[in-house]
Amino acid sequence: DSDEEMLEVERQSKLIDEEMRQEQEEAEMELRRTIAQQTAVFHLPTPEELEEDFNRVVPPSELRARIEDVLEVLADFKSRREPGRSRSEYIERLAQDMAELFGYLQELVDYFLSMLGPNEALEFLEA
């Protein structure tokens, strides 16, 4: 009896060890993915790429994703910006995308961005 019970306990212990190992691997993968996302450099669209967008209807989900990406870059500009790109280029792209997404005049969105920070301007336009 004692041997059979011990075998059952050992088997359960091995199962628990395997589950813990899998959880550890998943946690490490998620940590790597999070670090990669937070340190990735956002590619600001070039004028040529934007010209392609001019000839098509850009889905709101794509505009929103680009707005969020630009806001993330602006939050940690030094490490997330694309080399050779200025902060004003990111602000300009943000303003153009916000104007298109929310249906405001470009000048009005520029005014909101000059009065409020980028995140606050987005919150204002969403309200």
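Is R21 buried, exposed or partly exposed? At 40% relative accessibility, R21 counts as partly exposed. Buried means under 20% relative accessible area, exposed over 50%, and partly exposed in between (1.4 Å probe, protein chains only).

This is a predicted model, in which local features need pLDDT of at least 70, side-chain atom pairs count only at pLDDT 80 or more, and totals for chains, interfaces and linings use all residues. Residues are numbered from 1 along each chain as its sequence is written, and side-chain values use heavy atoms, with hydrogens and water left out.

**View 1. The whole protein has seven helices and zero strands.** Helices (H or I, at least four residues) and strands (E, at least two) are DSSP runs, numbered from the N terminus. Mean pLDDT (the predictor's confidence in each residue, from 0 to 100) is 84 for the protein. Helix α2 (residues 47–54) has the lowest mean among the elements, 71. Helix α6 (residues 106–115) has the highest, 93. Of the 127 residues, 23% are buried.

**View 2. E18, R21 and E25 are linked in a network of salt bridges.** A salt bridge is a side-chain nitrogen of Lys or Arg within 4 Å of a carboxyl oxygen of Asp or Glu. The closest N and O atoms of E18 and R21 are 2.5 Å apart. For R21 and E25, that distance is 2.4 Å. E18 and R21 are separated by about one helical turn, because they are three residues apart in helix α1. R21 and E25 are four residues apart in helix α1, again about one turn. E18 is partly exposed at 35%, and E25 is partly exposed at 41%.

**View 3. R85 forms a salt bridge with E89.** Their closest N and O atoms are 3.5 Å apart. R85 is buried, with a relative accessible area of 15%. E89 is partly exposed, at 30%.

**View 4. E19, E23, E26 and E30 gather in a patch of negative charge on the surface.** Patch residues have over 30% relative accessible area and no salt bridge; like charges are joined within 9 Å, nonpolar side chains (Val, Leu, Ile, Met, Phe, Trp, Tyr) within 5 Å. Lys and Arg count as positive and Asp and Glu as negative; His and the chain ends are not counted. The place of a charge is NZ of Lys, CZ of Arg, CG of Asp or CD of Glu. E26 lies in helix α1 (residues 2–39) and is exposed at 55%.

**View 5. I67 sits in helix α3 (residues 60–75).** I67 is buried, at 0% relative accessibility. I67 and Y90 are 23 residues apart in sequence and 9.7 Å apart in space, C-alpha to C-alpha.

Note on methods:
Accessible areas come from the Shrake-Rupley method with a 1.4 Å probe; for residues, only the protein chains shown count as cover.
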